[in-house]
Amino acid sequence: MKTKVISVGPEVQDLLAVGCLIMCNSTAPAELKEVAAIHEKESDEKDVLHVGGKFKISGREYTIDFVGNEANDNFNELGHLSVYFNNEDEVMDKLPGAIFVSSKDKVNISEIKENDIVEII
């Protein structure tokens with residue numbers, strides 16, 4: 001499943017610096033658009049988030065280690081997804097709408113831009 005970033009809120013880069021990316025579709029309220037990468041799905045696939053799957057963005061590939069019990073529903077219906085990169089501090093089950101992803105080199109993405117493609121497989 002692919003989705004295209006159509007705009008990036010002014011606070012997104014600050015969140016990326018601490019290993020978090022918030023994604024929403026264009027119906028997100030204005031205050032959420034400040035901290036989110038707004039995206040447009042290229043297909044209607046449902047329930048694409050699963051442990052062991054891949055999350056690809058900005059030329060980097062991450063393995064999905066955790067999927068909150070509300071993450072697929074939120075992503076299906078609202079396009080909302082919170083992604084935590086290489087995070088070892090958070091208690092996973094306290095974030096039901098989030099996914100945790102990791103990379104072998106433990107490098108987080110440092111930037112996301114308009115027109116970037118996010119792929120979830």
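**Burial, backbone and charge: a short chat**

User: Is S82 buried or exposed?
Analyst: This is a predicted model. In it, S82 counts as buried because its relative accessibility is 13%, and the cut-off for buried is under 20%.

User: Which strand is S82 in?
Analyst: S82 sits in β6, which covers residues 81–85.

User: And what is S82 in contact with, leaving aside neighbours within four places in sequence?
Analyst: The contacts of S82 are L21, I22, G97, A98 and I99.

User: Where is D47 found?
Analyst: D47 lies in the loop that runs between β3 (37–41) and β4 (54–57). At 47% relative accessibility, D47 is partly exposed.

User: What about phi of N115?
Analyst: Phi of N115 is positive too, near 80°, and N115 is a residue other than glycine. N115 belongs to the loop between β7 (98–102) and β8 (117–120). N115 has 47% relative accessibility and counts as partly exposed.

User: Now charges. Which residues form the negative surface patch?
Analyst: E11, D14, E31 and E34 form that patch.

User: Where is E11 found?
Analyst: E11 is in the loop between β1 (2–8) and α1 (12–17).

User: Why does E11 count as partly exposed?
Analyst: Because its relative accessibility is 38%, and partly exposed lies between the 20% limit for buried and the 50% limit for exposed.

Technical notes
Residues are numbered from 1 along each chain as its sequence is written. This is a predicted model: local features need pLDDT of at least 70, side-chain atom pairs count only at pLDDT 80 or more; totals for chains, interfaces and linings use all residues. Side-chain values use heavy atoms; hydrogens and water are left out. Patches are made of residues with over 30% relative accessible area and no salt bridge: like charges are joined within 9 Å, nonpolar side chains (Val, Leu, Ile, Met, Phe, Trp, Tyr) within 5 Å. Accessible areas come from the Shrake-Rupley method with a 1.4 Å probe; for residues, only the protein chains shown count as cover. A salt bridge is a side-chain nitrogen of Lys or Arg within 4 Å of a carboxyl oxygen of Asp or Glu. Lys and Arg count as positive and Asp and Glu as negative; His and the chain ends are not counted. The place of a charge is taken as NZ of Lys, CZ of Arg, CG of Asp or CD of Glu. Helices (H or I, at least four residues) and strands (E, at least two) are DSSP runs, numbered from the N terminus. Buried means under 20% relative accessible area, exposed over 50%, partly exposed in between (1.4 Å probe, protein chains only). Contact means heavy atoms within 4.5 Å.
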